[in-house]
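Please look at the sequence and the 3D structure shown below. The report that follows describes selected parts of them in plain terms.

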Amino acid sequence: MDIFTTLYGNLALGFGEALTLSNMWYCLLGVFLGCMVGVLPGLGSLIAISLLLPITFHIPTSGALMMLAGVYFGSDYGGGTSSILLGVPGHAAAAVDVLDGYPMTQQGRGGIALFMKCVASFFGATVGILLLALLAPALASVALKFGPGEYAALLLLGLIASATVGQGSPLKGIAVMLVGILIGTIGLDISSGLPRFTFGISELEDGVNLAVLALGLFAITELVKSCGQGRKKVAEQKFGLRDQLPTREDWRRSVGPMLRGSGLGATFGALPGTSGGLATFLAYSIEKRISRNPERFGKGAIEGIAAPEACNNAGIGGAFIPTLTLGIPGDPIMALLLGAMMMQGIVPGPQVVTEYPDLFWGLIASFWIGNVLLVILNIPLIGLWVRILAIPYSLLFPAIVMFTCIGAYSVHNNVFDVLVLSICGLIGYLMLQLRFEAIPLLLGFILGPSLEENFTRSMTIYRGDFTTYFERPITASILLVTLALVVWTFWMASRKPSRPQEA
Amino acid sequence: MKSPDMRDIASGVTLIAIGLFAAIYAYANYRMGTVTRMGPGFVPFWLGCIVAGLGTLIAVLPFLSARRDTIEPPPFHPRPLIAILVAVLLFAGLVTRIGLVPTTLIVTFVSALAERGFDLKRTAMLAVTLAALIWVIFLLLLDMRLPAIVLPG
Amino acid sequence: MTNRKVVTASIAAAITIAGAVQAQDYPTQSIDVIVPTSAGGLTDLLVRTAAQHMSEELGQPLVIENRPGAGTVVGITAAMKADPNGYTLVTPPASGFSINPNLRDLEYDPVADFEGICLMGGAPSILVVNPELGITNFEEFLAKATADELLFASAGPGTPSHLVQELLKIELDKGGVETDFVHVPYKGTAQAVTDAIGGHAQVLFESPGPLIGGIKAGQLVPLGVSSPKRLAALPDVPTFAELGYPGVELIGWVGMAAPKGTPKEIIDTLGAACLNATSTPEYAKMAEDNGLQVFTAGPAEFDTWIADQIQHYGALVEAAGLEKE
């Protein structure tokens, strides 16, 4: 019982700190701006932050931190909205929402998908924050057990799982995932600092930008595909608020995925080396694998929204642990949170939790408040977003072309990224023609550099002896799971009927 | 028995080409290093080899079995592909030279050509509305560093 | 938008506080400051703190624009190409202005293409080891380093964190101590520090900021600091000069510069404002809390400093035999 008394005390302290009118206002401002900017393709948290940054230096620390946390959740959330409604991911991690959310929209269930996304992300955030409050110190020490070898094994598992999750052949999935890793090697090599596959173009030294690649593969490809089909066959959408509510059947299907997704997200969130969607895609692939009828996935299965969305938000709380206790930011927003703290003379480190309990727990409480505000703000907005679909596609798609171009431009304020966008779009369309799926390529691209980096480093540390992988308990068990997954996938694929009846 | 699927063979051949290119380019230009201290060429070289290997497998398998992939790709449409890619390239070429507002007008017209049944009046109205909207969102509200319009001279 | 109002209001407030503005033509509009590293880093913090004071003094806001990429090369190159009218400035750190020019072909030349405005401070590196090694001082470290291959992490090839490691190796070699360090490069500070704490890497050189937390918590054991004087934040850690290796002295720094051709009066105005901003108590406190040191220089001195640093690092890169592009 003691642990719960402590938990209660801590959370009470946190909410006491966070629930002031001015803090709520800053949090709402962050959430709102994050949401609005996040919906625009390619524009993510960075733009929202650059707008809010000047303010953070003028308001109290707790308010600034809450506002930034609000932006974090808001932009992350907003990115999924355009994935579901238009098949155009607002940012790379939201690409997973395209898989089943967009088909749901095409079936006239876009509002329901948005609603379930809202519920799942709130649920995931709540679970994640509770786990964080209970286990914060323990999570930090788990993260330290993960060295280069462990990360490499885990990344391999995630890649194989996501490459074989699509509807096509697992062999092609793995091949295209490897091509994604190859694209990821473009740029400066981490160990030597030398450029690779840049062909003398200095803009390529930082590699192909993730947001630009995702926009090219998904947004441009989707635009070309939809225009080619002539007048879109999107089902009639209903626009009443009641029509956006999931059915009893939807709820029944979503509870399990939300629980599993949250657990997975909270666990992976604490491992700083796995950020960037690994857990989210893993959550999706687990749901598909344990489902009794996996063929529904990719065609509008609501589980495909619920699990990754819960997983994503459960992980954000966990991601904060290494930032705070080790002083190590995982991404730009975390870096800013850290910066705002350092401006106040708070040195991050394991002692932060004990030395500044009001700040720490206040921040955790504000995460939850941010999510509450997100729900309050977004439920009424669902009806508004769905109305976008009432606009005829012939009017909508030139706007999407423009938004996508501006999004790509905004990444570095550079037209080079727009050129890359067009190339990625062409590649995406050719891949569609050759029946390659875009998700494994994207995942290979996201996780590949990290895999190469950790694998290379682990071989240095293991003195070139690969068998060390099988001598360490964590690496050995992860590799065993990976192997089992490969065998199982190909065995299942070989049992599939050669030509299922299709409508 | 049906004839082997051409698209699978094309995919396999594409993969072989990509893999061989990566492997050869990496081998020729970058240091390979040893397993303990891998050079910049090590990973791309072996990745390229594996991709080419899988490509071979994918190209050959259709000859060995009559099994088919289950996803039907959409038919190939050159018109929207060209219109949209040209629109994106025009954006890249024009936006810093003539400004965001005129670029929006041009890009809207070109991308509208992607669909059959191009309607001049409708597109013109769309272009103007869109230009105004984009000016408000990106330049006024989001404060992006792009010129609204660059006057010649 | 409400937030724009807030920004405008706060800027207006800043101007009112500053009161009467110098009777000069410059500046008449906001000044862009390109920071070639990510937001929230230590360089960024120093610059932002100083920029706030400079805005008040100059009566125009300094707008920070983070342009990270290719290890500061992207942002610095962009600044080089900007109009030299005093409205685009850049804050190059040591890596961009003195290490990279020795390692890679760059579009810019720090001396020929820029005018120095001021030096704003910086940080030395601290040598830390994982406590599981059972090492508590530098002597034990030397014993261990001669007996074993030690896994020596760095924040990446060509970073100050890597170069000071090479410097230590060279100086130990000169002193007849043979070592067998295995360099384990990381992508940035974050993961390198985590792995040093987790024991996956054993030794690390890094600036104090990201290390202080771990050192105070006993997760990392500090052995020496690469500055001529001990750090205020870690008074018990000896300098390498005290340890008998005065050659192991390397300090990372950050300064402010403008593209070549910026009028001299503007440079002098900015230089004076920058020196004022970096001598405020707030600036000193922010630096001390984060393990940074304040050492400053005006425009002319900073130009000399840059040239010296390029030579200094160049000699080190040469001696260490690092791979060049």
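## Two loop residues of chain A

A:Phe197 is found in the loop between strand 2 (195-196) and helix 9 of chain A. Helices (H or I, at least four residues) and strands (E, at least two) are DSSP runs, numbered from the N terminus. The model is predicted, so local features need pLDDT of at least 70 and side-chain atom pairs count only at pLDDT 80 or more, while totals for chains, interfaces and linings use all residues. Residues are numbered from 1 along each chain as its sequence is written, and chains are lettered from A and ligands numbered from 1 in the order in which they are written.

A second residue, A:Arg435, has its place in the loop between helix 17 and helix 18 of chain A.

| Residue | Phi | C-beta neighbours inside 10 Å |
|---|---|---|
| A:Phe197 | near 50 degrees | 20 |
| A:Arg435 | near 60 degrees | 21 |

For A:Phe197, phi is a positive value in a residue other than glycine. The phi of A:Arg435 is likewise a positive value in a residue other than glycine. A residue is buried if 20 or more other C-beta atoms lie within 10 Å of its own, exposed if 12 or fewer, and partly exposed in between, with C-beta atoms placed from the backbone. A:Phe197 counts as buried because it has 20 C-beta neighbours inside 10 Å. A:Arg435 counts as buried because it has 21.

## Chain A against chain B

How many residues of chain A are in contact with chain B? There are 61 residues of chain A in contact with 62 residues of chain B, where contact means that the C-beta atoms of two residues, placed from the backbone, lie within 7 Å. The elements of chain A that give two or more residues to this side are helix 3 (45-56), helix 8 (170-184), helix 9 (210-228), helix 16 (393-412), helix 17 (416-433) and helix 18 (438-461). Helix 16 of chain A gives the most, with 11 residues. By class, the side of chain A that touches chain B has 34 nonpolar, 19 polar and 8 charged residues. Here Ala, Val, Leu, Ile, Met, Phe, Trp, Tyr, Cys and Pro count as nonpolar, Asp, Glu, Lys and Arg as charged, and the others, Gly among them, as polar.

Chain B is divided into domain 1 (6-64) and domain 2 (78-141); such bounds come from an automatic or database domain assignment. The C-alpha centres of these two domains of chain B lie 39 Å apart.

## The domains of chain C

Chain C is divided into domain 1 (2-122 + 252-320) and domain 2 (126-225). Their contact takes 15 residues from domain 1 of chain C and 11 residues from domain 2 of chain C. On the side of domain 1 that touches domain 2, helix 4 (94-103) and helix 11 (299-320) of chain C are the elements that give two or more residues. The largest share of that side, 5 residues, comes from helix 4 of chain C. By class, that side of domain 1 of chain C has 9 nonpolar, 6 polar and no charged residues.

## A sheet in chain C

Strands of a sheet pair through backbone hydrogen bonds, either parallel or antiparallel. Chain C has an open sheet of 5 strands in the order 7-6-8-5-9, with mixed pairing; two strands pair if DSSP finds at least two bridges between them. Strand 7 (180-185) and strand 9 (221-225) of chain C stand at the edges with a single partner strand each, so one side of each is left without a neighbour in the sheet.

Strand 5 (residues 126-129) of chain C runs antiparallel to strand 8 (residues 203-206) of chain C, and 4 bridges join them. C:Leu127 has C:Phe205 of strand 8 as its bridge partner. Strand 5 and strand 9 of chain C also pair in the antiparallel sense, over 4 bridges, and the bridge partner of C:Val128 in strand 9 is C:Pro222. Both faces of strand 5 of chain C are covered: C:Ile126 and C:Val128 on one side and C:Leu127 and C:Val129 on the other are all buried.
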